[in-house]
Amino acid sequence: MRDYYFDHADIFIFPVIDWHYRFQRPQHISTQLAMHGHRVYYLRTHFLEGTKSNIQPVRNDIPVFDVHLGLPVHKNLVADPLDENSKRILLDQFEFLRESLNILKAVCFVDLPFWSPLVLELQKAYGWKVISNSMDQLSGFSNVTPEMLASEDELTKRSDLILATSHLLFNEKSQLNKNCLLVPNGTDFDHFNYSPGILPNELIDIRKPIIGYYGALSDWLDTELIYNLASARPNWNFILIGRIESADVSQLKTMNNVFFLGEKPYELLPGYLQHFDTCIIPFKKIPLTEATNPVKLFEFLSAGKSVVATDLDELGYYREYVRLASSPNDWLDAIESALDDYSPAQVEKRMQFARQNTWDERILLVEDAIHAISQGPMDISASLPLLLPRENLVSSRLLTHYNGIDYWCMVYEKDGMLYKQTSFDLAEREARFLSGFESDYFPRLVDAKSEQDYSLITFQKIQGQNLNAALSEINSSIVKLYDFIQHCLNILVALKEKGITHRNICRDTILVKDGRPTLLDFSWAISEQEPYFSPSGLGGYERPPDGHFSDVYSTGKILEYVNRQHHRAFDWVISLMVEKDEWMRITDLMVLKALFKTALEKTLEGYESAGRS
C-alpha cells in the first residue's frame, strides 16, 4: 500500500531554464530530491507543437525525467502570459500524466510566474502543494512585464511555501506569505574541491597571477570595473568564463590581459577554478544583484580560493569569508591582499565553511519543509471521541486510510502526562511493545486501556528539545557528536533485541535530553512476531532509494542531518548506512559502532595535526 502521508511526493519543476542550459540551483535541487527518493519531472521552457507531451529520462541512476509539454501556439515564458485556452490544454496533459504515472500526491516547484495559472489550478484540482522558488528580484530584469510581476505576487500569496535564496527576498516575500523559508544557494563541495591536476590548454600560456570569474556574462556584470582593474594592473591576467549574453565587453576585448574562454561544461569548471589565484564576483550594485545569493561564492570557497566581490548587502552576511569592495581602488587593494591569503589555516577555514553549505545540507531544509506542508493543518474533527478538553489536544492526524477505514492518532497533554489515543487497538499494541523496554531511550509507559473503537496509552512527559533545537549543542564538540551517534546506535541495538525490524525513525520522533536521544512514537513499528500496524511494511518518510524501510538507513539520514560540521570520517561511515545499493549498505550495528569509534580517532588526529582544539 502506498500511504498518502508518508510516501515521497512526486516533484514537478516548472523552470526558468532548461535542464541542459547551465547547471545551477534548479538542477541541484532536482538532483538532490531525486537522490532522496522523489520522482522528479523537469519541464522544458518551450513547447512541442500540438497537444501531447513527451517524457524521457534525464539520468539512468536517479529518477529525473525531462517533460516536454505541447501547445498549438508559440509561447515565450518571459514575454507572453499563459492564456485560458493554453492552460486548459496543459491541464489535460497533466491529467494524462497523473493517471499514467500513478501520481497520488505531488509538489510543484515554480521558478517563474509564467506557470502560475497552471500550478494554482493543479493545486485546486488535485491538492498538489505549490512551492515558489524565489531566486531573483524579477523587477530588476529589463524584459519582465508588469503582468508577470502581478502574477508573481498572486503566486507568492497562494503558494504553500516560499523558498527565498537571499535575505532581501525573504524579507519581501514573507510580507505576502508567512510560510517563507530562507534557503541560500550551496555547493557540491567534492566536485569543486577536486583538482584533475591537468592545466587546461587555454591557460598554458597565460602568466600568473590569474584573476578568475565564471558565470553569466550579462548586463549585471560590471565590465567597466574589470576594464579599470585590468588597465591599472597590466601584469594581472583576468579570465572570464561564460557565455556572453547582454554584457558590453567591447572595451575588454581590446585588452591583452583579459581572456574570454567561453562557456564551459559544469564537469570541467573545477579544472579552471583550481588554477585561479583569486576569484572575483564583480557585479554592479543594482536592485537585481542586491537580491542575489551568488552560487559561485560557495563553489569558489569549496576550492579554498580567496574571493573579492562587490559590496552587496547579501554578501555582507559572508564577509568573514569574502573581501568586499566598492571603488576601483578598494578592489585593487582587496585583490592584492587576496593573492597572498593562502595560509593553511585560511584555506581550511574557507573550505570548512563550504562543507557546511552544501546542496546536501540545503536539501535537508527543503525535505523538512515538504514534509511539513504535506501533513497539512491539524484536524480536530476526528471520528474518535475527545477524551480531554480541546485545549489539552496537542495534535490530531489521520494516520492512513485503509480498506475504507480511517486510522486516527490524537495526543493530549495534561499535568505533566501525555495521552495517546488511536483508532482500534493500535495504542494497545504500542503499550505491549513499550512494556518490554527497560532503556532510557524510550518513553516510560504509565497506563494502557482499550475500548471498542479506540485504545489509549499514558506516558510521563519527557522534558527535552526537538532535534533541530539541540543541533548546536550536539555539534559543540566532536566528542559530543560522537556520543550522540553512539546513543542513536544503542537505540537500534535495543530495537533489534526486541525483534523490531522496521519503524518510523525520523527527525520528528527524536527528542534530545542531556545530549541523549529518546525515540518517541511507536505507531509505525513492525516486529517479527506482530505487525504493529497492518499491513506490514509501512513506515516513515525516511526511506532508502530501493523503497524498503530500514532502521539503519533511517538513522543514517538522521546522522546526515546532525553532522553539521561534515567531518569527513563521519560522513564516510554515514554514507555506508545510506548507500543506494542495499547490498553495499552496512547494517551490522557492532560494525557501525566500531567504524564510528575509528572515525572519531581519525578526526581527533586530524584536529591535533592541524593545531585545532
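**Group meeting: strands and helix contacts in a predicted model**

Okay, let's start with strand 1: five of its five residues are buried, so this strand is largely enclosed by the rest of the structure. Buried here means under 20% relative accessible area, with exposed being over 50% and partly exposed in between, using a 1.4 Å probe and protein chains only. Strands, by the way, are DSSP E runs of at least two residues, helices are H or I runs of at least four, and both are numbered from the N terminus.

Some housekeeping. This is a predicted model, so local features need pLDDT of at least 70 and side-chain atom pairs count only at pLDDT 80 or more, while totals for chains, interfaces and linings use all residues. Residues are numbered from 1 along each chain as its sequence is written, and side-chain values use heavy atoms, with hydrogens and water left out.

Back to strand 1. In a regular strand, side chains alternate between the two faces of the sheet. Here Asp10, Phe12 and Phe14 point one way, Ile11 and Ile13 point the other way, and all are buried.

So who are the neighbours? Strand 1 covers residues 10-14 and runs parallel to strand 7, residues 106-110, with five bridges joining them. Pairing, for us, means DSSP finds at least two bridges between two strands. Asp10 has Ala106 as its bridge partner in strand 7, and Phe14 has Val110. Strand 1 also pairs with strand 2, residues 40-43, again in the parallel sense, over three bridges. There, Ile11 is partnered with Val40.

Zooming out, these strands belong to an open sheet of eight, in the order 4-5-2-1-7-8-9-10, with mixed pairing. At the edges sit strand 4 (54-57) and strand 10 (180-182), each pairing on one side only. From one strand to the next, the twist averages 25°.

Now, helices. Two packed helices are described by the angle between their axes and the distance between the axes. Our axes are lines fitted to C-alpha atoms, for helices over the stretch in contact, and angles run from 0 to 180 degrees between N-to-C directions.

Take helix 7 (residues 223-232) and helix 11 (residues 328-339): they pack at an angle of about 60°, with axes 10 Å apart. That makes helix 7 and helix 11 oblique to each other; under 35 degrees would be roughly parallel, over 145 roughly antiparallel, 65 to 115 roughly perpendicular, and the rest is oblique. Helix 7 brings Leu225, Asn228, Leu229 and Ala232 to the contact, and helix 11 brings Pro328, Trp331, Leu332 and Ile335. Contact means heavy atoms within 4.5 Å. By class, we get seven nonpolar residues, one polar and no charged. Nonpolar covers Ala, Val, Leu, Ile, Met, Phe, Trp, Tyr, Cys and Pro; charged is Asp, Glu, Lys and Arg; the others, Gly among them, are polar.

Leu467, Glu473 and Ile474 of helix 15 meet Lys480, Leu481 and Phe484 of helix 16. This contact has four nonpolar, no polar and two charged residues.

Last stop, the hairpin. Strand 24 (residues 510-513) is antiparallel to strand 22 (residues 465-466), with two bridges, and Gln465 stands opposite Val512. Strand 24 also pairs antiparallel with strand 25 (residues 516-519), over four bridges, where Val512 faces Pro517. Two residues lie between strands 24 and 25, and in that hairpin Asp514 takes a positive phi near 55°.
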